[in-house]
Amino acid sequence: MKMKEISGSKFLTAAPRQPSITSSIGDNEHSAAARSAKLTLLTGAMRSSSLREHTSHQYSSNLSSQPPRSSLRKRSSLRAALFGSMWMNMSALKWSVDARTRIRANPFCLKDYCFSAGTSRHTSILSFVPLLTSKPRSCKASGSECFPTLQSPMIRTRLLYTSNSALYSDRQGAIDENYQSINEHNWRTSSLTETISLSSISVPSHHVHKLLSDKDSPIKQYLATKMEVLEDVHPRIKVVIDSEPLDRKDQEEVPRKRILLMSSSTTNGEIIDGGHSGDNVTELCKLLPYLPRNNAQQLIFAYSALPAMPHTISIPYQKQSVSRILSKLLPESALPPPSSYEQIGHVAHLNLRDNHLPFGKLIGSVLLDRIDSIKTVVNKLGEVGGPYRTYKVDLLAGESNYNVHVVEHGTSLYFDLTKVYWCTRLEGERTYMIQHCFKPNQVIADAFCGVGALCTRAALAKGCTILANDLNPDAVTYCRDSAQRNGIDTSNPKVFNVQCGDAREFIMKIGTATSDLPNHLVLNFPLDSPSFLNALRWWPSGEKILDPPRVHVYTFARGDEDRTASEAAIDKVADGLLPEGGYTEPSKFRGDYLNSLGCNVEAREIRDAAPGKVVICVSFSVTRVLLRRMQGDYGLL
């Protein structure tokens, strides 16, 4: 429904489509009755002084944009006076012969005939507007006469709804009653099947492959599969079908096929006459008005193509995309439908907007029905929070089973979705780290390992030794269990060592417990990773580090007037390593200073987190000079 502003008040307007209403009453008699009804209906209700005052106030030229409250009360009285007794359903408008006599005597009795088929449901409002006219016009649909709407301010703004519509308060909004009856149980019984009539051409069989595969084909961009309605149909429709005898306008016995093209407003049957009369190029251009004439000539003379009969296809909902089905089921207030979801094992995870929440179970049911691999559909409640970065979910459809099995590049991971943090979008980043950063048999330390996706994959793909940690005990349990299920010896701490504890203490122990530092330290906690970098000062710095460890810090960052998001992220990392005490404004562009310490700083943009906010991975080397600077020794260069 659309909202229009009229004299400072909001009125609900009907959809753009305006049905015609036909009548079987004679010309003169019906015109006289309609004129009389028009005068009565428009002026009869305005005899009260309050209504006259409201009307004068509403359509005055010098009306202020913010009327006084007394005027608002009068408007409410007007709406009640006009619409209060007219909540009836107009499912059919049929005039009886004896109506003429009654209308002459009392034109206001029109309502008795307009709403004789009404029901008690308060879902439709008065629809007498097409009757309030003085000049009938011809109705092409039925051949009889119908009456256009009255050209008045009230009618132009279309305050009167037609049948199958509802009027609610501004707070509740306007929702079609049809959508109120559709739910997660009965939506399959709705009329979701689409029938499409496609244009087609008949070509010799030996030309089909070239027409479909050649990049310069005259019909390649006009194939039926290019239509928006057919783009997401699965399985895809076949654009080549057997030709029928009626399609063959030539007398040669040449095997032919039909190629389905985009629909057009022209009916093939209006052109195909089964003979040789007429120009085939002209006929083809009429059949396919979107086809350039040069392309039509090329089809006729180079490929011996002929116009063919239309081909009708039916597309049940089982072949339609989830988005297209929801576009038919959801009311206008909930459109467009949800555009994406995250699939974690057998669970589909949605982030529904406020206008989608009332229809959450319907959305979940459609998703569950259309995608075989989904067994559970949930909606995230609130934001990720708490010490373990978890969130609550609302079950929309399917079974209440959140123990998922995720396979990532051949590695199986098992965990309860509601007890740990998981982000499918980081799969590409994990793959990048394993392929481009880690080398075989290196030592990898992960301070925020979660369920162990990066650690387990690195151990399997590169034979890396793993030192892992997470604050969430459930995540540690799932990490160890997934590693075991993938054949990793978790009983040997020199192969796969995972512990539960604080990340800062974990980083400190790496430097104090052993003289061998890891080759890589991963800090994937974008919310606050740079604050843990001060734990590096506990690492040994007495001897020259032959192979400086690389630290990979993930952090949120925003660009500003002076810096890009990557430069801002580097400054956050530099402040975590070597904070500047006593400054009034933080320094910028500190990457050069870190490079002067041999850190070899690099920054990569990982993904968008919010408008203007991205996740950046800042990588740097931990050199002896850096550690001595962190420990307060500024004499070593």
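Two strands count as paired if DSSP finds at least two bridges between them. Helices (H or I, at least four residues) and strands (E, at least two) are DSSP runs, numbered from the N terminus.

## Basis of the model

This is a predicted model: local features need pLDDT of at least 70, side-chain atom pairs count only at pLDDT 80 or more, and totals for chains, interfaces and linings use all residues. Residues are numbered from 1 along each chain as its sequence is written, and side-chain values use heavy atoms, with hydrogens and water left out.

Seven strands form an open sheet with mixed pairing, in the order 19-18-17-20-21-23-22. Strand 19 (496-500) and strand 22 (602-610) are the edges; each has a single partner strand, so one side of each lacks a neighbour in the sheet. The twist averages 15° from one strand to the next. Axes here are lines fitted to C-alpha atoms, for helices over the stretch in contact, and angles run from 0 to 180 degrees between N-to-C directions.

Strand 17 (residues 443-446) pairs with strand 18 (residues 465-470) in the parallel sense, over four bridges. Val443 has Thr465 of strand 18 as its bridge partner. Helix 17 (residues 503-513) packs on this sheet and touches strand 17, strand 18, strand 19 and strand 20 (520-524). Its direction makes about 150° with that of strand 18. Contact means heavy atoms within 4.5 Å.

## Nonpolar cores

A nonpolar core is a set of buried Ala, Val, Leu, Ile, Met, Phe, Trp, Tyr and Cys residues joined through side-chain atoms within 4.5 Å. Buried means under 20% relative accessible area, exposed over 50%, and partly exposed in between (1.4 Å probe, protein chains only). The largest core has 40 residues. Ile507, Leu536, Leu577 and Phe620 have the most contacts inside it. At least two residues each come from several elements, including helix 17, strand 21 (550-557) and strand 23 (613-621). Helix 18 gives the most, with six residues.

Ile507 touches Ala447, Leu521, Leu523, Phe532, Ala535, Leu536 and Trp539, not counting residues up to four places away in sequence. A second, separate core has 24 residues; among them are Phe438, Cys449, Ala459 and Cys617.

Strand 11 and strand 12 pair in the antiparallel sense over three bridges.

Strand 12 (residues 347-350) runs parallel to strand 13 (residues 376-385), and four bridges join the two. Val347 stands opposite Thr376, and Leu350 stands opposite Asn379.
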